[in-house]
Amino acid sequence: MSAPAVVLRRLACTYAGALRPAVRDVDWELPSGALAVVMGATGAGKSTLARCLTRIVPCFLPGEVTGDIDLLGVPVRDRAVGELAGTIGMVFQDFEAQLFSTDVTQEVVFGLEHTSVPAAEMPERIARALAAVGLTGFEGRDPTTLSGGEKQRLAIAGLLALRPPIMIFDEPTTDLDPAGRAEVLQVLARLRAEGLTLVVIEHDTATAAAADVVLFLREGKVVARDAPGRLLGDVDACLAAGVRPPDVTRLFAALGLPDPPLGIEAAADRLRSAGLVPRPPAFHPPVPRARASLLEVRGLCHRYPDGRDALLDVSLSIGEGEFVALIGRNGSGKTTLAKHLNGLLAPTAGSVRLRGREVAFLPLEQLAQRVGYVFQDPDHQLFAATVSEEVAFGPRNLGLPRAEVDERVAEALAAVDLHERDADPFLLDKGARQRLAVASILALRPDVLVLDEPTTGLDHFEQQRMLELLTRLHAAGRTIVIVTHTPWVIAAHTRRVVLLAEGRLRYDGPLRPFFADEELLAAAAFRAPDVTRLGRALGCTPLTVEEFLAWISRRS
Amino acid sequence: MPLTLYVPAPTVLHRLHPVTKLGLLGAFVVAAFVVDRPLVLVPLGCAIAGLLALAHAGASVRRLRVMFVLVFVFTLVVWTWFFTGFFRPSYAGFLYGLSTAIRLDTFLAAGLLFLSITRVEEVAYALGRLGVPYAVGFTLTLAFRLVPAFFDAAANVVQAQRCRGLELASGNVVTRLRRYVPIIVPVLIGALRRADRMAMALELRGFNSGRPRTTYLRARAGRADAVAGALALMTMLAYLALWASGVGRLAGRP
C-alpha cells in the first residue's frame, strides 16, 4: 500500500507579527486519490493550511511553521516552493496572476522548461495537459483573449504539465461566472477520475457534496472532519463553522426529518414518501409595481473601440424603490449596462435617462449624488489612511461644508455597521472593506445604488451581513440594482431579474417565471437555488426555504 | 485589449529564426539611420511596407495609423519652420524635415514588422541566444503580461473614484497632483499584491526549482533564414555604401 498523499502532525503556523497562530493543532492524513474539501469562515486558516503544504509559508510569507508535513511519505521541511513543483500544485482564485505568457502553449511550457523536462518530451506533455482541461485547439491563442473559465483552466494546465500527484485549489471558482464555474468543476471531476489527490478550498456546499472528506476549520483548528453527508446535513455544525447550510439540510431540520440527503432527487423522494409535498397558493401575490419610473434605458447600444458590440438595443425601465438583479454570463454586457446607469460609459446609440434627464449630459457631481456605483473589488477605491477619511472623500469632492461632511460620514458608517472610524482601511478584512466601499458611496446619498457582485468572495456570515444591509437600504426607499451570479441571493432578496445574453436583453421580469424556465436558465448557464429545484421536482417554484415550509404547512 | 502587436499568421516571415528577425530589424534601422535623402529612403520604406503586407500586419498598421501620421506631420512641420531659425520656413528645412519624417516612420514600420512576426517569448529566446542573461528576457516577457493588467486596473480605479465625485481635470498643478493620490494608491497597492501572487505562482510552476533549464523553442535556421539574412545584409551594406559615397546624404546638413 502506498503512503498517504498528505500527512500532517501537530501542524501550526503563526505569521510574522501575528499574535495568534493562523493554524494550530492540525493532525490529518489524506489517502492518495482522495478529494478533500476544506471549508470555513474568512480567517479560519483555510488558505494558510494550503500555503503550509506548498511551503509558500514560510518561503514567501514570513512565519513560523511547526509540526510535520509529509507529502507522499517524504517530509517537506526545508524545501523551497520551486523544488516541490511536480509534487504538489496550487491554483489560486486570481487567475490573472497565474498566467505569464503571451501564448497558450508557452504558458504550459513554462513549468516544463524550469524543471529540466527534456524538449523531446514536451509536445506530448503539453497536449495531455491541455486535453485534461479541455483546451485542446487553443494552442497559439493569446491568454488575454480567453474567458475567465478558460484562463483558470489554462493555469491548471500549466501545473498539470508537471504531473503533480497532489493539487490544491484555493477558491478556484469564486471569480468565475456560472458557466466558468461549471467548466472548472468538470476539470476537477476529471482529475479525480485520473487518481490525483485533490484538496479544494470552497465556500459552496455543492462542490463539497462530492468529496470523500470535508474539513471544517474555525479559528485555525479543524473543528469537524467527516463524510460530506454527515457534516453538510448538520445545520448547527455548518453555522458554527461559518458555512452556509444547504437548503435541503435547513428544510429537513425545520421539518424534523433526520439524515438529509445531498441530492435534490433523493430529497424529493424522501419528502414524497413522508407525505410532505408543498402546495403553493393558487396564485402568487403580484410583485408590487414600482411607483414612478426613475431610470429609462431606451434602445441602448454600446460598441467598444475595437468594434465589438457590448450592448445591442437594450430597453428597460427601473422604477423608484425597485430591487433588481442584473445577471448574465461574463462578457454578456451586464457590467457595461450597469456603467451606463451612472454615466461611466456613454451610449453609442440610444439613451439612458434619469428622471427624464439624459445621464450622459449630467455633470459628474450631480450624477454621483443620484446614482452610486460600488465596484466589485473594494481595493479599487480604498486609499485613505483612516475609515472616516475614506468615507469623507466623496462628500468633500462635492464641496460640502465640514459639519455636513461629518454628519454624512457618521450616517454612512452607522448604516453599514462599521464603527472603527480610525482604523486603517487596508487592515480591515474583506467583508468590512466591502461595507466600507458601500459607505463611501452612501455618503453621497444617491437615490439609486448599483453594486457589482457585492457578495462575491465573502463568507456566509459576511454575505448575510451585506444582504441585510442592502435589504435595510431598500426598505428605507433606495432603488437597488445588483450585478450577481449567486442564485440564492437573487431568489431571497431581489424582486426582478434582468438577464443579458450577448449584449441583448433575454429576460426582464419577476423571479418565479424566470426560475421555472429551464430553457432560459440553461441558456444563461444559470442554476436555480437548491430549494427552487427541489420545489420544481415536486411541481412548484418556491424561492426560499421559508416559503417552501409555509407551503407545506398550508396542507395541514 | 492585448498589448502585443503579434499577428498569428503562418507566413514565411513568422517562421524565420528569432535571431534572423532581430537581424532584419537591426539591418533596417541601420540602413534608415545612415542616409537622409528622401529619395533614397523611399525604397527602403516601400520594402518594409511590402514585408508588412506579406506578414498580414495590415490590422496593426491601422491600429497605429494615427501615430504614423502624427509623427510624419509633426516632424515635417517643425523642421520646415525651425531649421534655419525661429519661425523661419526654409526649403532646406522642408527637405530635411521630409527625410526625418520618412526615416522616423521607417523606424516605426520596422519595429512594427518585428513585433508583428515575433512573439515576446521569441524575443526573449533570441536575446538569450545572443548571450543576454535569461532574467532580462524573462522580465521582458512578464512586462507584456503585467502592463495591460496594470492599465486595466488603473482604468477601473479612475472610474471608481469618479463615482465618488473626483474631478481630475480642474484646478492648478498642485491640486491636480493631489487629486491623483486616490488613483495612485489603489493602483500601486493592487499592482504590488498581484506581483506578490504572481511570484508565488511562478515558483509553484518550478521557477527556482534548482534544476537546470531546458527550452521548448528550438528554432532551427533554414534556407529562408539564409535568404532573409543575405537580403538584409545586402540592404544594409548598400545603404552604408550610399552614405559613404555621399549620395545618400543631403547637402547643407548642419
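## A buried helix, a helical partner and their contact

In helix α1 of chain A, the buried residues are A:Lys46, A:Ser47, A:Thr48, A:Leu49, A:Ala50, A:Arg51, A:Cys52 and A:Leu53. A residue counts as buried if 20 or more other C-beta atoms lie within 10 Å of its own, as exposed if 12 or fewer do, and as partly exposed in between, with C-beta atoms placed from the backbone. That makes α1(A), residues 46-53, a mostly covered helix: eight of its eight residues are buried. Just after α1(A) comes A:Arg55, with a positive phi of about 70 degrees. Helices here are DSSP runs of H or I with at least four residues, strands are runs of E with at least two, and both are numbered from the N terminus.

A word on the model before going on. It is a predicted one, in which local features need pLDDT of at least 70 and side-chain atom pairs count only at pLDDT 80 or more, while totals for chains, interfaces and linings use all residues. Residues are numbered from 1 along each chain as its sequence is written, and chains are lettered from A and ligands numbered from 1 in the order in which they are written.

A few places have backbone angles to look at. A:Val57 and A:Pro58 are joined by a cis peptide bond, with omega at about 5 degrees, and A:Pro58 sits in helix α2 (residues 56-59) of chain A.

| Residue | Phi | Location | C-beta atoms within 10 Å |
|---|---|---|---|
| B:Phe87 | about 55 degrees | loop between α4 (65-82) and α5 (91-117) of chain B | 6, exposed |

### Nonpolar cores

A nonpolar core is a set of buried Ala, Val, Leu, Ile, Met, Phe, Trp, Tyr and Cys residues joined through C-beta atoms within 7 Å. The largest one has 88 residues, and A:Val38, A:Cys52, A:Ala157 and A:Val214 have the most contacts inside it. Helix α5 of chain A (residues 148-160) gives this core its largest share, six residues. Leaving aside residues up to four places away in sequence, A:Ala157 touches A:Val108, A:Ala129, A:Leu130, A:Ala132, A:Val133 and A:Leu135. Touching, or being in contact, means that the C-beta atoms of two residues, placed from the backbone, lie within 7 Å. Apart from this core lies another, of 82 residues, with A:Ile318, A:Tyr373, A:Ile482 and B:Val157 among them.

### Chain B on its own

Chain B has ten helices and zero strands. Its C-alpha trace spans about 60 × 55 × 30 Å along the principal axes. The radius of gyration of chain B is 23 Å, whereas a compact globule of 254 residues would have one near 18 Å; the radius is taken over C-alpha atoms, and the globule rule is 2.2 Å times the number of residues to the power 0.38. Of the 254 residues in chain B, 33% are buried. Among contacts in chain B between residues at least 6 apart in sequence, 77% join residues at least 24 apart.

The axes of α7(B) and α9(B) come within 9 Å and cross at roughly 145 degrees. These axes are lines fitted to C-alpha atoms over the stretch in contact, and angles run from 0 to 180 degrees between N-to-C directions. On the α7(B) side the pair uses residues including B:Ala149, B:Phe150 and B:Val157, which meet residues of α9(B) including B:Pro182, B:Val187 and B:Arg194. The residues of this contact divide into eleven nonpolar, two polar and one charged. Here Ala, Val, Leu, Ile, Met, Phe, Trp, Tyr, Cys and Pro count as nonpolar, Asp, Glu, Lys and Arg as charged, and the others, Gly among them, as polar.

### Where the chains touch

Now for the two chains together: 53 residues of chain B are in contact with 62 residues of chain A. On the chain B side, α6 (120-129), α7 (134-162) and α9 (181-204) each supply at least two residues, and α9(B) has the largest share, 15 residues. That side divides into 27 nonpolar, 13 polar and 13 charged residues.

A:Phe100 gives a close-up of the meeting of the chains. A:Phe100 lies in the loop between β6 (88-91) and α3 (104-114) of chain A, and it is buried, with 21 other C-beta atoms within 10 Å. Not counting residues up to four places away in sequence, A:Phe100 touches A:Phe110 as well as B:Thr141, B:Leu142, B:Arg145, B:Met198 and B:Leu202.
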